[in-house]
Amino acid sequence: MRTVTRWSIVLASAVLVLALPTPDGISAESWHLFAIFTATIVGSIVRPVPAGAVVFLGVTAIALTKTLPAREALAGYADPLVWLVLCAFFMARGVLKTGLGRRIAFLFIRAIGKSSLGLAYALTSTDALLAGFLPSNSARCGGIVFPIARSLAEAYDSRPGDTARRLGAYLMVVIYQCDVIACATFLTGQASNVIIAKFAQESAGIDLSYTKWLLGASVPAMISLAFVPWMLFRLFPPEVQRTPHASQMASDELARMGPMKRDERMMLLVFALVSGLWMTTAFHHIDYAVVALLGVATLVLSGVLDWSDVTGDRAAWDVFLWYGGLVRMAEAIGRSGLTERFAQASAGVTTGWAWGAALAVLLLIYFYAHYGFASITAHVTAMFIPFLVVLIGAGAPPLIAVAMLAYFSNLSASLTHYGTTTAPIYFGADYVTQRDWWRLGFYVSMATITIWSVSGLAWWKVLGWW
């Protein structure tokens, strides 16, 4: 799609909103804000320029038109959650720089990588472990796991084209699909999860802490991470079934790396410190963002990260720009009364239904709406609050409504080759056709929806969530 056409779509979305009559009880400024927000979300989907630039332009438009005062338009960049995400990107840089991520991956491969299914479990376990404190799935799954997976595929003469199905195609699909599950497992699984936690607190008064998020996800996540690689192994089997050389390759690589270096040990210490403090916030009450700042400060003071690593991380600062802007826009939209009006209008669809039936139908709509979104963040900021309000209005227990929307926001990224930031990396490796990618993504979606709905609801009943 040409850039001019993309810009036309973005501008048309704003004009269309402005052309509609302003709903009763909604101020003109709030309606203008909604028009700019709509254009920003559409821009993040069609991407006439990078997503960070789209949000930057949206924030500029809000301030320039005085839709919000400049101080309020820029307030998102002072939000602690935005700084939490920024700092986590810096910690991800430390994992890459020290080689700790590669060491963890090769340890898993050496232990269980003697078959193609074992390789899948080894690589997805690496990603899931790192998701416990690295919300950049592009850094951990794209920067650490992907190069190893591709090297392993090529070691078995599996390359894009005629030999793709030997090993590479299976690895690319299974790692991506399990990365989506890892994203759903932790509050730090990917960057948008802290937005979800913020929305849950503001809209339903639910404190979705790191520990509560992980506790709720633990059982369905473990089942999913065990089942999905096996399911894909049956649906999309690699030609190479046994991979004894992979285990030897990992041993050789670990030998070349030698004993754990001082910077790796320091990175591991920070990993334990940050994760431990996040899990015990209820006892010490140190804000999540302050814990992240402490982690980065430790890495800088110890020399693991140079200051140039911090200032030169373009991906981190790009996320900071679009993340802070979207957080503020979504917060302002939530306070404008528009989401409540949407909820009132939507509630009529499920009037008189039992809350379980309403929950099931609305969650399916929410999940498969991700076909229209190029990122989890765009999906969440556009739809999370309205659907949450509607679900609670239909009688669903608030914590169940929050949990299901939170986890489904991540799991829905399985559907397409643009579902989240790692999708273009793995699909772009050119091992898997778009037809196969979408077909397998749909099959995985049916599996994860079933697992998280059945085992999740049962587990949450045990936890007393409903």
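Q: In this predicted model, is Asp313 buried or exposed?
A: Asp313 has a relative accessible area of 7%. Buried means under 20%, so Asp313 falls in that class: it is buried.

Q: Which residue forms a salt bridge with Asp313, with the closest N and O atoms 3.9 Å apart?
A: Side chains of opposite charge can pair when their charged atoms come close. Here the closest N and O atoms are 3.9 Å apart, and the cut-off for a salt bridge is 4 Å.

Q: How many residues apart are Arg93 and Asp313?
A: Arg93 lies in helix 5, which covers residues 80–98. Asp313 sits in the loop between helix 16 (307–311) and helix 17 (314–336). The pair thus links distant parts of the chain, and the separation is 220 residues.

Q: Where is Asp306, the salt-bridge partner of Lys97?
A: Lys97 and Asp306 pair with their closest N and O atoms 3.5 Å apart. Lys97 is partly exposed at 41% relative accessibility, and Asp306 is partly exposed at 40%. Lys97 belongs to helix 5, and its partner is 209 residues away. Asp306 is in the loop between helix 15 (288–301) and helix 16.

Q: What is the distance between the closest N and O atoms of Arg102 and Glu253?
A: Arg102 is in helix 6 (residues 100–112) and Glu253 in helix 12 (residues 244–257), 151 residues apart. Arg102 is partly exposed, with a relative accessible area of 32%, while Glu253 is buried at 17%. Their salt bridge has its closest N and O atoms at a distance of 2.8 Å.

Q: Are helix 10 and helix 21 roughly parallel or roughly antiparallel?
A: Helix 10 (residues 193–204) and helix 21 (residues 398–411) pack with their axes 11 Å apart, at an angle of about 160°. Angles over 145 degrees count as roughly antiparallel. The two helices are therefore roughly antiparallel.

Q: How many charged residues does the contact of helix 10 with helix 21 have?
A: Asn193, Ile196, Ala200 and Ala204 in helix 10 meet Val402, Ala406, Ser409 and Asn410 in helix 21. By class, 5 of these are nonpolar and 3 polar, and the number of charged residues is none.

Definitions and conventions:
Residues numbered from 1 in each chain as written. Predicted model: local features only at pLDDT ≥ 70, side-chain atom pairs only at ≥ 80, totals over all residues. Heavy atoms only, no water. Axes fitted to C-alpha atoms, helices over the stretch in contact; angles between N-to-C directions. Helix = DSSP H or I, 4+ residues; strand = E, 2+ residues; numbered from the N terminus. Parallel < 35°, antiparallel > 145°, perpendicular 65-115°, else oblique. Contact = heavy atoms within 4.5 Å. Nonpolar A, V, L, I, M, F, W, Y, C, P; charged D, E, K, R; others polar. Salt bridge = Lys/Arg side-chain N within 4 Å of Asp/Glu carboxyl O. Buried < 20%, exposed > 50% of the residue type's maximum accessible area, 1.4 Å probe, protein only.
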